[in-house]
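Me: Could you take me closely through one part of this model, the open sheet and what lies around it? I would like a connected account, with the cut-offs behind each term.

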Amino acid sequence: MCGIIGFIGDENATPIILKGLRRMEYRGYDSAGLSIRTNEGLRVIKSVGKVNDLANVQDLKAISGYTGLGHTRWATHGKVNLENAHPLSSCAGEMSVVHNGIISNFQTLKKELEKEGHTFKSSTDSEVIIHLFEKYFENGKGIKDALLKTVNRLEGSFAFAIMLRDEENIVGARCGTPLILGIGKSGSFLTSDILGFIEFTDKAIFLENKEIVVLGKHQFEISDFEGNLVAKEVTQVAWEFGTPTKEKYSHFTLKEILEQPRALERVLSQDQEQVDLFCKKLKTMAKVVITGSGTSYHAGLYAKYIMRDKAKISCDVVVSSEFNSQDVDHDTSVLVLSQSGETADALRATQIAKDAGCQVLSIVNVVGSSLARESDISLPLKCGPEVGVAATKSFTSQLALIYLIASRMGIGDDNMLASIPQKVESVLREAERIEKMVSGYTEARDFYYIARSIHISIALEGALKMKELSYIHAEGMAAGELKHGPLALITQGTPVVVINPTDDTYQETLDNALELKARGAKVIGISTVSNEVYDDFIPIPKVHPSLSPIIEVVPLQLIAYYAAVKMGQDPDYPRNLAKSVTVN
Ligand code: AGP
């Protein structure tokens with residue numbers, strides 16, 4: 001998933017585009033580039049690595065013009081190198097394109113265009129867009145005509161912007177991946193994300209699927225892929241998405257872990273009427289299916305237990321990449337969980353559900369995201385912007401909101417949630433001790449996490465955090481499965497995190513810890529009571545078992561974060577990953 005930005009206005013585009021790219025860097029950080037229309041033609045500057053590397057390219061600051069494009073890349077097709085960095089150019093360099101998505105029929109189109117004499121300079125899928133546009137533009141029926149012909153030849157998912165040396169306007173198109181128009185005083189923007197222009201304006205127009213735009217400094221025209229004009233409403237987006245900064249913290253990830261008590265208080269200040277309406281809708285259908293990807297899928301697993309125990313509703317949980325029309329029918333409510341609201345697998349699951357006549361409900365953090373707009377009803381997570389690629393505060397916020405909904409659908413509010421922010425605060429006070437403890441584990445090649453019942457979702461989440469932040473192989477599992485195979489993996493010193501709050505799973509999980517110890521494992525205990533079986537122990541406050549997962553995950557986030565820092569990884573921008581995955 002990449003970040004694209006286009007700007008056309010009355011100010012120098014270079015600094016404006018750089019600022020937008022910095023804000024969208026969490027979308028991909030393999031390479032970055034921009035193209036500025038100057039009096040001498042299009043000037044393209046690219047660099048491998050982060051936006052900072054681009055900003056330090058010698059000539060960049062000398063380049064100025066009122067129109068430009070920018071891109072930050074997450075490589076899917078073609079290696080991470082300068083040739084494959086965007087913006088990509090037409091044969092004669094008079095046109096530039098920036099693209100986010102995957103063109104699935106690029107090989108066929110590339111062969112056709114090469115036969116017609118086009119020269120390709122990269123091994124990306126995206127480059128076919130600019131050569132196709134160039135081909136149709138040369139037929140001289142104008143940029144809108146060329147754009148319509150181009151989009152109707154492309155297959156896959158795409159959001160792109162094109163700028164021409166000899167044309168005033170820039171053009172763009174959306175099919176799948178997000179594209180947003182920003183209407184500012186000094187000019188207009190086209191970006192993948194509100195963050196791309198939020199510093200300059202809060203007036204946004206969200207392009208729907210299969211729409212194109214011809215954009216001028218202070219006017220625009222939006223049409224569908226047949227060329228029919230489409231009327232649009234301007235949405236005022238929340239400034240809260242303004243300027244997430246690290247403040248005094250060394251990383252966004254640490255800041256977001258330490259922000260959780262405040263985030264949880266905000267989550268609980270939901271619009272009660274909206275929550276009641278959400279609960280009512282969730283109850284209307286005979287069946288409930290929950291879906292999400294990665295950490296959001298783990299929140300779904302927690303929801304399954306809570307809905308069963310609190311609301312007496314049995315739910316299926318399906319990971320979004322495997323979601324299938326067989327899983328649902330017209331009498332199903334589908335609850336989609338997503339921090340970004342732009343995860344392609346979650347959006348595809350949503351489309352499958354809608355096509356099957358289901359009711360789609362969602363819980364999303366990013367206001368105005370595609371999922372929030374495409375759901376029948378959507379509840380905002382309200383945990384504030386999350387920049388670190390590893391989901392932390394959004395996860396505990398998802399669990400808290402799911403608990404609120406389930407209790408509201410069942411026995412009604414039990415107020416037990418109100419004490420959770422302060423309980424999380426008390427666990428965060430262990431941060432320093434956890435940091436010291438982690439030093440003893442950074443040589444490990446494998447890490448295992450075990451738990452039972454509702455706590456299994458936390459074992460899976462702890463392992464995911466360790467993988468994506470420290471790059472140590474990690475696996476979370478049901479403790480009861482150990483003896484059915486994984487126990488063979490345990491040798492002298494193998495670290496195993498045992499999540500073991502004092503509820504009805506306590507004794508059996510403790511027995512598992514003893515079995516692991518007998519095989520030489522180094523056992524880290526996360527529990528309300530210590531025990532000699534633990535080599536290291538992290539205390540957590542006692543709360544109701546169904547709320548304990550919100551607390552238990554916090555030490556696991558810190559273990560993964562400190563392991564990453566001690567191993568010299570960049571916790572905010574883990575290799576090969578991106579904050580939300582907008583391609584399938
Ligand atoms: C979690 O730390 C990861 N960033 C990833 O697994 C993420 O949870 C997944 O891509 C889903 O993202 P979403 O919640 O924005 O849909």
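Reply: The part to look at is an open sheet of 5 strands in the order E16-E15-E17-E18-E19, with parallel pairing, where strands (E, at least two residues) and helices (H or I, at least four) are DSSP runs numbered from the N terminus, and two strands pair if DSSP finds at least two bridges between them. Its edge strands are E16 (315-319) and E19 (377-380), each of which pairs on one side only. Neighbouring strands of this sheet are turned by 20 degrees against each other on average, direction ignored, the axes being lines fitted to C-alpha atoms, with angles that run from 0 to 180 degrees between N-to-C directions.

The model is predicted, and local features need pLDDT of at least 70, side-chain atom pairs count only at pLDDT 80 or more, and totals for chains, interfaces and linings use all residues. Residues are numbered from 1 along each chain as its sequence is written, and side-chain values use heavy atoms, with hydrogens and water left out.

Within the sheet, strand E15 (residues 287-292) runs parallel to strand E17 (residues 332-338) and is joined to it by 5 bridges; in one of these, Val288 has Ser333 of E17 as its partner. In general, strands of a sheet pair through backbone hydrogen bonds, either parallel or antiparallel.

Helix H9 (residues 294-310) has 17 residues and reaches 24 Å from its first C-alpha to its last, close to the 24 Å expected at 1.5 Å a residue, a span defined as 1.5 Å times one less than the number of residues. H9 is mostly covered, with 12 of its 17 residues buried, that is, under 20% relative accessible area with a 1.4 Å probe and protein chains only. Among the buried residues of H9 are Ser296, His298, Leu301, Tyr305 and Lys310. After H9 comes Lys312, which has a positive phi near 55 degrees.

The ligand has 14 residues around it, of which Ser296, Ser338, Gln339, Thr343 and Glu468 come nearest, a residue being counted if one of its heavy atoms lies within 4 Å. A nitrogen atom of the ligand is 2.8 Å from a polar backbone atom of Val389.

Terms used: Buried < 20%, exposed > 50% of the residue type's maximum accessible area, 1.4 Å probe, protein only. Polar contact = N/O pair within 3.5 Å; in protein donor to acceptor, adjacent residues only side chain to side chain.
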